Amino acid sequence: MIVKKINLKNFRNYKRAEIDFNENINIIYGNNAQGKTNILEGIYLFSLGKSNRAQKDDEMINFDENEASLELNFFSKERDKFGKIELNRKKRKKIFLNEIPVKRNSDLVGSLNVVFFGPEYLSLVREGPKNRRKNLDILISQLKVQYMNSLSDYKKLIEQKSALLKDDKKDKIFLSVLNEKIIALSVYLIKTRFLYIKKIEEISKKIQLEISEGKENLELEYISCGMNIDENKIKNLEEILKKKAEEMFHREEKYFECIFGPHRDDIDFKINGQSLKLFGSQGQQKTAVLVQKIAEVELFREEIGEYPVLLLDDIMSELDSQRQDFVLNKLSNMQIFITCTDAERLKVLKDANFIEIEKGSMKKCTCI
Ligand SMILES: Nc1ncnc2c1ncn2[C@@H]1O[C@H](COP(=O)(O)OP(=O)(O)OP(=O)(O)O)[C@@H](O)[C@H]1O
Ligand SMILES: [Mg+2]
């Protein structure tokens, strides 16, 4: 997939900007707080129809304005495509693909696939499970629309159930109907997550061996509903979940909270059998995330036959030169966007497009 051009109007700190990209490497550089990450966010918006960092859509509208728009020319699935997103403080966001309104975010999914890697991901292995789940959900959602919709249905049911658990006069029949629906969706979500975790594990195992010169065997252990999920559990998942859900329900009533289900899932990264979260060095933990991100890129290529667009936000300065070279060599045949404050080291790159950003506008564009 190739992003050819972005057009921004009142988006974040951009009043008006039109930026052309090349199909290999685009280095977006400049001082802090000039608008580099904003460009990546603008591209990212066209993958899932929502931002990777804004909680609410209107955060992205320029402080002095009431509406904003973004246009993206890109190439995917052998076709030129044109996306447009309109943001308005008073109205819901509007998305258009090839001039046709997109009713639900899920209808946009699959047109443009992106893998985003920023400094906030470097603690993915170390921190709590929330972001590990989020990262996995973003990946699978881009590959499987049904997953995105089921996940959203599941979250709504969990909210409903949580509210009901807190209600003194709760309707027990409604609660058991909710529980049944939740189990049905949980079975689907866990099976799908297991499938994709296995795929990612297979790819990242090879990359980890390569980057550690054969020394490190990486495994991903999927933990759901208090169990390490394996093939056997997957076969009998529905019965296991029904039984466990009954056992846990008394505790849920006691604590007025949904404490059981895939919204609590986690992934344990293991190197040579040891948990990376508990025993890995910071460097090893960072490397494992890098490996994950490269594996995500490969997974897209395997699943849909096309490379996604890779957005590397301020990540190069976090990696030593060996890791930087590893990334650039490994991903040499796809489109990459790199933001950084110092582009000097990257000047050696062939076929790169250097875009200097200053105060929300493009100051200079040099192609090497
Ligand atoms: N809605 C908005 N309206 C106007 N300006 C905004 C809005 N949202 C964010 N900004 C501004 O955009 C600026 C640039 O943000 P961005 O995150 O893209 O910077 P950056 O170039 O990536 O910097 P860094 O190198 O520190 O990561 C910030 O100064 C921020 O205050
Ligand atoms: Mg930034």
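Predicted model: local features only at pLDDT ≥ 70, side-chain atom pairs only at ≥ 80, totals over all residues.
Which residues in helix 4 meet which residues in helix 5?

Residues are numbered from 1 along each chain as its sequence is written, while chains are lettered from A and ligands numbered from 1 in the order in which they are written.

Back to the helices. Helices (H or I, at least four residues) and strands (E, at least two) are DSSP runs, numbered from the N terminus. From helix 4, the residues are Tyr147, Ser150, Leu151, Asp153, Tyr154, Leu157, Ile158, Gln160, Lys161 and Leu164. In helix 5 they meet Phe174, Leu175, Leu178, Lys181, Ile182, Leu185, Tyr188, Leu189 and Thr192. Contact means C-beta atoms, placed from the backbone, within 7 Å. By class, this contact has 13 nonpolar, three polar and three charged residues. Here Ala, Val, Leu, Ile, Met, Phe, Trp, Tyr, Cys and Pro count as nonpolar, Asp, Glu, Lys and Arg as charged, and the others, Gly among them, as polar. Helix 4 spans residues 145-166 and helix 5 spans 172-211. They pack at about 145°, with axes 10 Å apart. Axes are lines fitted to C-alpha atoms, for helices over the stretch in contact, and angles run from 0 to 180 degrees between N-to-C directions.

To pair, two strands need at least two DSSP bridges between them. Strand 1, residues 2-11, pairs with strand 2 over six bridges. In that pairing, leucine 8 has alanine 17 of strand 2 as its bridge partner.

Next, ligand 1. Which residues come nearest? Asn32, Ala33, Lys36, Thr37 and Asn38, out of 18 around ligand 1. Near means a C-beta atom, placed from the backbone, within 6 Å. Helix 1 gives the largest share of that shell, three residues.

Last, the domains. Domain 1 is 1-113 + 313-368, and domain 2 is 123-305. Those bounds come from an automatic or database domain assignment. Their centres, taken over C-alpha atoms, are 29 Å apart. In contact are 13 residues of domain 1 and twelve of domain 2.

Notes:
Contact = placed C-beta atoms within 7 Å.
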